[in-house]
Amino acid sequence: MVGFEVGSVPFNPDGWGPPDSAAATLSLPNQPSNVPFAPFSRSEKIGRIADWTRNFSNQGRPGSKHGAHHQSDSAFDFSGDDSFASLAADDDSSFRLVDTSAKSHHHNPNRPKFNPRWRFNSYNNARSQLPQRRDEEVEAKKRDAEKERARRDRMYNNRSQMPQRRESSVFKSSVDIQPEWNMLDQIPFSTFSKLSFSVPEPEDLLICGGLEFYDRAYDRITPKNCRPLERFKNRNFFKVTTTDDPVIRRLANEDKATVFATDSILSTLMCASRSVYSWDIVVQRVGNKLFFDKRDGSQLDLLAVHETSQEPLPDLKDDINSIHSLSVEAAYINQNFSQQVLIRDGNKVTFDESNPFASEGEEVAPVGYRYRRWKLDNEMYLVSRCEVQSVVDINNQRSFLTLNALNEFDSKYSGVDWRQKLETQRGAVLATELKNNANKLAKWTAQALLAGADMMKLGYVSRVHPRDHFNHVILAVVGYKPKDFATQINLNTSNMWGIVKSIVDLCMKLDEGKYVLVKDPTKPQVRIYDVPQDAFDNDYVEEPLPEDEQAQPPAEDVDGELANAITNDVEAKEITDEVA
């Protein structure tokens with residue numbers, strides 16, 4: 001057995017490797033001498049000890065200290081070789097630093113980036129990788145989100161020029177509450193929805209006035225062949241309250257009923273839960289009788305516009321689109337429309353008595369007043385004066401009509417342009433009006449039901465220009481049966497009479513005197529005040545000027561000045577002739 005001699009191994013107490021003193025004298029058998037040794041630390045990477053397969057193309061440079069080294073010595077010399085560097089690079093490439101920070105889910109660096117010309121650039125199509133299905137869905141959702149954001153921005157920009165939301169608007173009370181008034185009760189509208197009362201068919205006590213026939217040619221009007229709205233300045237319209245009506249006074253003296261009112265007052269009570277603006281009704285308890293009145297210049301004589309809309313109207317009184325200006329404009333439109341759609345050939349339908357409010361020789365608007373009586377209880381009857389505006393013969397049967405007009409002042413407020421939608425989407429126009437004018441349409445329907453009208457005609461009247469509130473055109477006229485239309489707008493007749501019956505019972509429990517029902521301007525409730533007997537007797541209310549005294553457009557001003565000049569010249573000539 002061949003022995004193995006380890007030899008002497010010097011001990012280095014100062015570090016790694018052989019000691020410096022023994023490096024020169026150390027000799028190992030069968031090993032080359034003068035092998036360079038490079039000390040290292042623990043943090044350094046240890047590579048190969050020797051590489052006998054390397055190609056030594058440049059063993060030494062002139063003047064270099066390694067130029068005289070032997071080829072065997074160069075096998076251990078890696079000072080001029082980058083092998084260790086490549087190994088270190090390989091080791092570094094396998095090393096990964098873990099990022100523990102939260103990353104955004106919206107950023108994907110591997111997702112291909114697109115520009116507007118990416119789809120049409122064949123070079124980019126050839127180079128770029130098409131997105132996967134997941135990326136396509138993400139891109140589609142992103143595009144939809146961008147479209148939605150752009151739509152909201154457009155809506156915000158359109159509404160930024162309009163007033164603030166309806167919730168921020170502050171409405172004023174229709175009547176000034178005096179300090180000496182005593183509030184007796186307040187009724188929230190939530191209690192009205194639970195009321196129900198059925199009344200039998202009414203009876204006609206008396207019919208006064210006269211009616212003209214309806215012109216059916218207006219049923220064929222479209223926005224393309226619209227007709228301008230005419231003005232009827234010579235015909236007088238009457239808005240007489242209950243106690244000023246001579247017929248109602250006569251019926252009260254004859255004890256025909258216990259409760260007396262008009263159709264406009266009853267419809268206000270019946271549709272109170274739909275109202276937003278403030279209103280007031282005067283209640284007078286005289287003996288065992290009850291009279292529902294309105295004040296002179298009350299808001300009940302006007303027509304509210306966009307009352308139930310979410311977008312408020314301007315608060316400035318001088319603005320043509322303010323609440324008051326639009327109410328006056330709607331009242332004049334309604335009056336003129338009710339006269340223009342009649343056949344004015346002198347053929348009239350007369351009734352038992354003539355118009356009770358007209359003077360002799362005065363030209364009045366043809367209106368039929370039906371004094372009807374309903375039975376509320378065994379010993380309680382209600383008499384109301386109801387109005388119908390026209391009559392028509394259908395299948396040899398005479399039918400009463402009510403005539404009302406909806407007015408468009410600016411399509412930016414409603415969002416629906418009547419001239420574009422009335423022919424193709426009439427239902428959408430009506431739905432928008434039901435949303436913006438729910439109270440007004442409900443009151444018109446209630447008045448048609450109270451008057452026993454067989455048909456209610458609704459006219460669509462629009463301004464010639466949004467900034468011109470003097471000139472209007474009739475775009476369409478649509479007819480509805482009152483009962484069917486009440487069902488369509490969710491107007492329950494039993495609930496209507498339930499509200500009236502509850503208020504009548506409440507007022508009949510009060511002492512004799514004068515009271516006022518006031519709709520709260522900010523809350524959905526009605527308050528009852530006890531007022532002095534002389535309240536509202538000397539109450540001055542600024543009424544709107546007649547149409548001929550209002551400011552007219554420039555063209556009409558010129559014509560008016562010319563007409564006045566001619567009239568003055570004629571009068572001056574007559575005076576001169578008389579003096580001569």
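Tutor: Contact here means heavy atoms within 4.5 Å. The model is predicted. With neighbours within four places in sequence left aside, L195 is in contact with S494, N495, G498, I499 and S502. L195 sits in the loop between β1 (182-188) and β2 (203-212), and S494 is 299 residues away from L195 in sequence, yet their C-alpha atoms are 8.0 Å apart. L195 has a relative accessible area of 27%, so this residue counts as partly exposed.

Helix α14 spans residues 493-508 and lies across β1, β4, β5, β6, β8, β9, β14 and β15, at about 120° to β6. These strands belong to an open sheet of 10 strands with mixed pairing, in the order β1-β15-β14-β5-β6-β4-β9-β8-β2-β7.

Helix α12 (residues 438-451) lies across β8 and β9 (380-388), at about 85° to β8.

One further residue is D245, in the loop between β3 (227-228) and α6 (246-253). Its relative accessible area is 0%, so D245 is buried. The D245 side chain makes a polar contact of 2.8 Å with the side chain of Y371. Beyond four places in sequence, D245 is in contact with V240, F357, Y371 and R385.

Methods
Residues are numbered from 1 along each chain as its sequence is written. This is a predicted model: local features need pLDDT of at least 70, side-chain atom pairs count only at pLDDT 80 or more; totals for chains, interfaces and linings use all residues. Side-chain values use heavy atoms; hydrogens and water are left out. Helices (H or I, at least four residues) and strands (E, at least two) are DSSP runs, numbered from the N terminus. Buried means under 20% relative accessible area, exposed over 50%, partly exposed in between (1.4 Å probe, protein chains only). A polar contact is a pair of N or O atoms within 3.5 Å; within protein, one must be able to donate a hydrogen and the other to accept it, and residues adjacent in sequence count only if both atoms are side-chain atoms. Two strands pair if DSSP finds at least two bridges between them. Axes are lines fitted to C-alpha atoms, for helices over the stretch in contact, and angles run from 0 to 180 degrees between N-to-C directions.
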